[in-house]
Amino acid sequence: VELINLQPKLIAKNEEVEKMMIVVGEESEKTAKVKESVAADEAVAAEAAAKSEAQKAEVEADLEEAMPALTEALGALDTLSAKDIGEIKAMKNPPGPVKLVLQAVCIMKSIKPNRVKDESGKMVEDFW
């Protein structure tokens with residue numbers, strides 16, 4: 001007798017479960033699409049990370065190659081005497097290679113150039 005009385009409730013619950021199954025099925029499809037999208041994004045990110053790692057290794061190799069030259073150049077700067085600098089200062093218009101070397105020295109020593117006007121009136125950086 002109790003089962004017969006509960007049968008309408010069971011039918012209603014079965015209908016609710018069927019509706020919920022439909023919703024769950026739709027949500028599962030949406031989830032699968034999102035999962036595919038995320039997997040594609042993950043593949044792109046992994047490829048970008050691999051490229052970055054390769055570039056990092058290349059840059060580190062270049063840096064490793066350049067560091068001894070930088071160390072040697074900085075050591076050579078320490079050998080300059082006040083007399084050497086005074087001799088260069090005495091030059092009113094030094095040759096191009098001397099200007100280039102001094103520009104490099106200023107850059108390595110973090111000495112900022114002066115902003116002056118050139119012959120055409122444009123503002124240029126002048127280390128001399």
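Buried means under 20% relative accessible area, exposed means over 50%, and partly exposed lies in between, using a 1.4 Å probe and protein chains only. Keep that scale at hand for the tour.

This is a predicted model, where local features need pLDDT of at least 70, side-chain atom pairs count only at pLDDT 80 or more, and totals for chains, interfaces and linings use all residues. Residues are numbered from 1 along each chain as its sequence is written, and side-chain values use heavy atoms, with hydrogens and water left out.

**Whole chain**

Show everything as a cartoon. The protein has three helices and two strands; these are DSSP runs, numbered from the N terminus, with H or I of at least four residues for helices and E of at least two for strands. Along the sequence the pattern reads α-α-α-β-β. The radius of gyration, taken over C-alpha atoms, is 38 Å, well over the 14 Å that the globule rule gives for 128 residues, so the protein is more spread out than a compact globule. That rule is 2.2 Å times the number of residues to the power 0.38.

Colour by burial next. Buried residues make up 3% of the 128 residues.

**Met91**

Select Met91. It sits in the loop between α2 (82-89) and α3 (96-108). Is Met91 buried, partly exposed or exposed? Its relative accessible area is 30%, so Met91 is partly exposed. Met91 and Glu18 are 73 residues apart in sequence and 96 Å apart in space, C-alpha to C-alpha.

**The strands**

Move to residues 114-117, strand β1, and residues 123-126, strand β2. The two run antiparallel, joined by four bridges; strands pair if DSSP finds at least two bridges between them. Pick Asn114 and look across to Asp126 in β2. Then pick Arg115. Which residue in β2 is its bridge partner? The partner of Arg115 is Glu125.

Finish at the turn. β1 and β2 form a hairpin with five residues between them. Select Gly121 there: its phi is positive, about 95°.
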